[in-house]
Amino acid sequence: MRSSVFILALLATISQLNAAVRFTRAEWFPDLGISMPRLENAVAAPMDLPRAEAYLVTQKGESRLEDRFNVFDLWEAFTVRGRWRDAGGNTLTIARLAAELPEVQPDLTQTRVEFSKSLKSLSVKNSAARDKAVYALAPVEEVMPERVRRDGRRNFLDIVRYVSTNETTLVYAFRPRSPEAREVPDWYLVSLVGAPEEDPEELEEMFSEEFLEQIEVLALRSRPTSEKSEPAGECEFDHLREAYRRSVVNYADWHFLAAGDLLITDNLDDISRGAFICTLTNELPRLRHEYAAAVPSHAGNGFYPAAIRVFATREEYLAYVGAEAKWTAAVWSPMRRELVLYLAPSGVESLLRTVWHEAFHQYLSYAGCMLSAAPWLNEGHAELFEHSHFNAEGELAFERPSSYAALVLADLDKMAELLPAVIAMDYEEFYAGSNVERAAKYKLAWSIAYFLEEGAPKIRFRPYEDLRADYMDALIRTQSGKRASATIFTDEKMKRFVADWRDFWRKD
């Protein structure tokens with residue numbers, strides 16, 4: 001009995017130690033313009049990208065995609081510069097209040113360029129604008145904040161404390177004192193959300209002594225200059241690149257790379273990152289050309305960015321994508337315009353295969369102006385490119401996984417009967433059923449894509465040469481993946497397509 005009590009007490013002590021808030025020594029953050037500590041033994045918890053809406057803009061008979069984003073999301077991504085979470089569930093968030101909160105209407109969206117031009121600087125004397133920004137970002141009550149006495153605190157020009165809705169949450173806005181007389185530092189917002197078992201009084205005392213006391217603005221001559229960012233240009237991609245860089249710039253264990261139209265953020269270790277990034281930056285641009293050759297689009301979108309975020313662990317990945325994606329190994333999020341994945345225990349080669357699959361979804365979303373193409377084309381070609389590689393001659397070779405071909409060949413006549421139904425399916429129908437049934441539909445969709453690449457070009461007069469391009473035109477015209485399938489597969493054309501598909505596999 002005593003041993004059980006001792007074990008329970010020990011576990012409770014360990015739990016308290018894990019939850020206890022501790023801070024590192026202060027370090028310089030060029031993006032923030034201050035030196036400050038971080039949560040000890042914490043990992044970066046990057047913010048979500050802004051929510052996007054697709055607008056189909058048609059000019060002179062040509063359609064193009066225009067991305068517009070939730071204005072509050074754009075402002076939040078610009079303002080919140082870092083978030084860290086430790087194993088005990090404590091979360092530290094830092095924001096630089098450099099721009100006023102826009103007058104946000106519920107459905108207001110803007111392009112990144114429009115948003116950048118509309119930003120209004122937050123005057124350090126405008127306490128009402130400061131408070132409005134804090135109320136929008138932090139879990140606080142909308143009451144007059146308390147001005148904190150600065151007895152002995154020479155590192156602040158001003159500091160105020162907000163009344164939190166949670167007793168273990170601390171929220172402060174502060175202006176640090178700069179050694180340079182002419183500098184006018186911005187307001188900053190810091191919030192510490194402590195674990196429920198934290199003692200509120202001890203938490204506040206520790207935060208005051210170990211965090212606030214270490215805040216410092218270095219003299220200009222003392223500041224590192226190696227991490228200056230380039231100003232964003234006048235096109236959407238320039239602003240996306242800068243926003244993506246800013247999303248990780250304050251995390252020591254995260255990296256950012258821009259290579260052509262690829263934007264990559266990751267927190268992989270040096271060994272995994274070296275192998276992954278080298279192959280990714282060499283092969284994905286070539287694959288994206290192959291995507292476009294296989295499924296061309298006539299929409300006026302000649303440039304499709306690829307924003308890719310890679311987590312080192314599944315736990316971090318799940319914390320970012322949310323519980324609704326817990327069954328996934330990777331996610332292409334059209335709403336966030338981002339491909340998110342993690343390094344599985346199977347290693348870098350498996351990770352790259354996943355990228356080839358998901359990056360096709362990413363390409364097709366842009367090529368189709370964010371309209372959902374039918375799953376036979378979308379999932380079928382994603383499977384096709386997942387199982388492909390560049391051979392010694394530099395040509396793309398499509399592989400034939402034995403289990404995929406075996407499913408088709410085991411009962412070819414039955415598969416041929418199912419083919420029209422699979423082509424007509426929407427995503428709810430395609431994903432329905434058991435894991436075995438769903439896997440069969442994926443493999444059948446792959447067999448269509450494989451036929452279009454390996455079999456269709458050998459048929460006399462090449463009747464399917466423009467089928468996929470015609471589909472993409474129909475997708476934009478009808479704005480429905482299902483209707484686009486019905487448009488290009490008339491009854492007569494479907495019969496011939498099924499017959500040619502069956503002949504290809506029968507000759508195998």
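Arg 462 is found in the loop between α14 (435-454) and α15 (467-478), where helices (H or I, at least four residues) and strands (E, at least two) are DSSP runs numbered from the N terminus. Arg 462 has a positive phi of about 45° although it is not a glycine. At 43% relative accessibility, this residue counts as partly exposed; buried denotes under 20% relative accessible area, exposed over 50%, and partly exposed in between (1.4 Å probe, protein chains only). The structure is a predicted model, in which local features need pLDDT of at least 70 and side-chain atom pairs count only at pLDDT 80 or more, whereas totals for chains, interfaces and linings use all residues. Residues are numbered from 1 along each chain as its sequence is written, and side-chain values use heavy atoms, with hydrogens and water left out.

The predictor's confidence in each residue is expressed as pLDDT, from 0 to 100. The mean pLDDT of the protein is 91, and 93% of its residues reach 70 or more. Over residues 1-18 the pLDDT is below 50, and this stretch has four contacts in the model beyond near neighbours in sequence, a contact being heavy atoms within 4.5 Å.

A positive phi in a residue other than glycine also occurs at Asn 41, with a value near 55°. Asn 41 lies in the loop between β2 (34-36) and β3 and is exposed, with a relative accessible area of 67%. Most residues other than glycine have a negative phi.

Strand β3 belongs to an open sheet of seven strands in the order β3-β6-β7-β12-β11-β10-β9, with antiparallel pairing. Two strands pair if DSSP finds at least two bridges between them. The edge strands are β3 and β9 (146-147), each of which pairs on one side only. Strand β9 is joined by two bridges to β10 (residues 156-162), and the two run antiparallel. Within β10, Val 160 is the bridge partner of Arg 147.

In helix α8 (residues 314-321), the buried residues are Glu 316, Tyr 317, Tyr 320 and Val 321. Seen down the helix axis, these buried residues fall within an arc of 120°, so they line one face of α8; the arc is that of the directions from the helix axis to the C-beta atoms. The face turned away from the buried side carries the exposed residues Glu 315 and Ala 319. The cover over the buried residues of α8 includes β3 (42-44), β15 (306-311), β16 (330-333) and β17 (338-342). Just after the helix, Gly 322 takes a positive phi of about 95°.

A nonpolar core is a set of buried Ala, Val, Leu, Ile, Met, Phe, Trp, Tyr and Cys residues joined through side-chain atoms within 4.5 Å. Of the 83 residues in the largest such core, Phe 276, Leu 284, Trp 376, Tyr 471, Phe 497, Trp 501 and Trp 505 touch the most other members. Helix α9 (residues 348-367) gives the most to this core, with 11 residues. Leaving aside neighbours within four places in sequence, the contacts of Trp 505 include Arg 400, Leu 409, Trp 446 and Phe 451. A second, separate core of 44 residues includes Val 148, Leu 192, Phe 207 and Phe 211.

The structure holds zero disulfides, a disulfide being a pair of cysteine sulfur atoms within 2.5 Å. For Cys 369, the nearest cysteine sulfur is that of Cys 235, 18 Å away. Cys 369 is buried, with a relative accessible area of 5%, whereas Cys 278 is partly exposed, at 43%.
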